[in-house]
Amino acid sequence: MAATKIIDAPRNGHEMAPLNTRARGDGTHGVTIVLTAPQRNSVQSVDIPGNEPERAAWSGKMQFFLSIIGYSVGLGNIWRFPYLCQQNGGGAFLIPFMVMLILEGIPLFLIELGIGQRMRLGALGVWNTIHPWLGGIGISSCIVTLFVALYYNVIITWVFFYLFNSFRYPLPWSSCPLNGTGFELEECAKSSETTYFWYRTTLDAAPSMDEPGGLKWWIVLCLMLSWTIVFFIVMKGIQSSGKVVYFTSLFPYIVLTIFFIRGITLRGAGAGLMHMYTPKVEKLLEPTVWLDAATQVFYSFGLAFGSLIAFGSYNTPKNNCVRDVLLVSVCNAVTAIYASVVIFAILGFKATVNVDRCIASNTEILVKNKLLGLNDTQGYEQAMSLLNGTELTRLQLSECSLAHELDNAAEGTGLAFIVFTQAIVELPGAPFWAVLFFTMLLSLGLGSQIGILEGMLCTLFDIDIIKRVKKQHVTGVVCLFCFIVGFIFCTGAGEYWLKMFDSFAGTIGLVVVALMEMIAVIFIYGHERFTEDIFQMTGYRPGRYWQWTWRYIGPVIMVCILVSSVVFMVIRNPTYGAWNADLGMIEQKSYPNWVMGIALSMILAGVLPMPIVFLMRSFQCLKVDLDIHQGSIRRNETTASTKEMIDNDDDNMSPDMPPQDSLAATRFTIGDFEN
């Protein structure tokens, strides 16, 4: 039988000290309680065969930096930020983006990274340690992270499918397939080659969420491949994932640089960049522009997932986390701007090619109707200006405008799989550029997915029961569960489900978690105490900028994001874009009631653990929580904001009991108070 030893076990913030019976001098028996300072460990008696292994740590500073860069710099930098720039004032959008980065992103970034490094615990352990009533924050964070991990890996699945098809020549989305009579398929002719390949060949899109169709075997196989690769990367924690980040973090920059060099040499690149970055200052007066900037900053950093807390917990206690936060923040912003330059340089080339084709088509019609000479290349503009709207419609002439082409911007999957693929087709050696582009997307997606899963798994391993199971086994179960649930994204309605998850599962829940994190650290743990922690770890004492953003500006911005998200969700009838094969275009449809019920359930699942844990522990609904209060195990250092939270427990304590603000361990026996 294994020997029973007293060891330092991981502290979840609400363990009772062991009750050790020993003989007293008067022949009676008392119970000894040991109360220790608020360390990451508490004393407990367990049966183990050996000593507890030390917490995992980064093998070097570069591994940590690349891991956090790979996590923070994700797909949103490629397909979300350029779209926001174009829609919200061009270059003028950089002003609200930088303001929100300074006032919201960097302060909350330091809170998560700093508190993880200070406590050396995952999200669940950190909030339980600050106060047991706050344990629901870690649970909510883990649930929301699970929802996001489910659909984020589906994007990697689609990237795999496109990557495999990129090795074909010519590219399968470069032309429309033909029917039995030798003509282009009607669905493809009414849309475009890249649109048809995305909605019909890749997704085999269903007409609505009510008619999802069966599983698409090619998507199921790619999804299995995605989760298999993710499992092997994260199965041993940072010991395995830390080696992969050297590729997933650095390779996208190499590809972006290659595309940048090629892009700026293309015809029309300058027009694309001018269209994107020409500042429209009047847009800054619109509140939605500032809201978009704040939302982009929040999601681009990957805040509230618990991943930054986990990454910080693997650092050494004396790591300069302030410097890390500033470096990663600058790198994130610069990458978003750099990627925008690359994207719109190439989209400018695509728009120029489309305009040339449009002019050639119109010229052919004009010549056929004898409105333009056969070799008269100079008279096109004059001939078009002489025609009124009725004649343009009768002759089926198109408007050939570069600005119009550039205004047809897209974001998300539309940009990556439809718009940009069309631009790639126009490049000489198209398969080479396609392989590069989708390998870059794969690297960005895997880098973020590694961070997302690491945050969730680190939270799970704060639970004592799971802590006893090998990490490979827990990771395997999680990946298998996600793969099976992911079948919902492998139907004809897969893209519709992904957009629903993206709109509901990972929005309100994350913002609420981030707001509660800020309140927990700054107002419950105490901003003065957290400032002292930063000073002890880094030698730098956060000044007025940090204090004002932590205590006032940051929470106000988070409340604004939360309120506006809820208001827009209520005012605007939530819709999704369904593919209409007959028209060859997207139709906006309202979500079915049963789907909205699922969406509401996901929102509640990500938010309710916080009030539930708070109420259950404050009213002692669980025996384990009742024991916590009877043992009076609380923070030994409190601030004014935490005093009220524990006053009820203090009223039940004997007046002879020693004060709780001592940093040294205090030993006493319950028998001492029996008289």
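Arginine 120 is buried, with a relative accessible area of 16%; buried means under 20%, exposed over 50% and partly exposed in between, for a 1.4 Å probe and protein chains only. The residue lies in the loop between H4 and helix H5 (123-130). Helices (H or I, at least four residues) and strands (E, at least two) are DSSP runs, numbered from the N terminus. Phi of arginine 120 is positive, near 55 degrees, in a residue other than glycine. The model is predicted: local features need pLDDT of at least 70, side-chain atom pairs count only at pLDDT 80 or more, and totals for chains, interfaces and linings use all residues. Residues are numbered from 1 along each chain as its sequence is written, and side-chain values use heavy atoms, with hydrogens and water left out.

Two further backbone features stand in loops. Aspartate 204 also has a positive phi, about 45 degrees, although it is not a glycine. It lies in the loop between H8 and H9. Aspartate 204 is partly exposed, at 25% relative accessible area. The peptide bond from tyrosine 169 to proline 170 is cis, with omega near -5 degrees. Proline 170 is placed in the loop between H6 and helix H7 (186-190). Most residues other than glycine have a negative phi, and most peptide bonds are trans.

The protein has 28 helices and 7 strands. Of its 675 residues, 55% are buried. Contact means heavy atoms within 4.5 Å. Among contacts between residues at least 6 apart in sequence, 81% join residues at least 24 apart.

The unreviewed UniProt entry carries a "binding site" annotation on Gly70, Val73, Asn77, Ser300, Asn332, Leu444 and Ser448. These residues span 379 residues in sequence, yet no two of their C-alpha atoms are more than 13.0 Å apart, so they gather at one spot. UniProt positions follow the numbering used here, feature names are shortened, and annotations may be inferred rather than shown by experiment. Valine 73 is found in the loop between helix H1 (61-72) and helix H2 (75-79). At 5% relative accessibility, valine 73 counts as buried. Neighbours within four places in sequence aside, valine 73 is in contact with Tyr253, Asn332, Thr335, Leu444 and Ser448.

Serine 300 is in helix H12. It is buried, at 9% relative accessible area. Not counting residues up to four places away in sequence, serine 300 touches Ser72 and Asn332. A polar atom of the serine 300 side chain lies 3.1 Å from the backbone oxygen of valine 297.

Helix H24 (residues 544-571) has 28 residues and should span 40 Å at 1.5 Å a residue; its end C-alpha atoms are 38 Å apart, which agrees. The expected span is 1.5 Å times one less than the number of residues. H24 bends by about 50 degrees at tryptophan 550; the bend is the angle between axes fitted to the seven residues ending there and the seven starting there. Buried residues of H24 include Trp546, Trp550, Pro555 and Met558. The buried residues of H24 pack against helix H4 (94-119), helix H12 (287-300), helix H14 (321-368) and helix H23 (508-538).

How values were computed. Polar contact = N/O pair within 3.5 Å; in protein donor to acceptor, adjacent residues only side chain to side chain.
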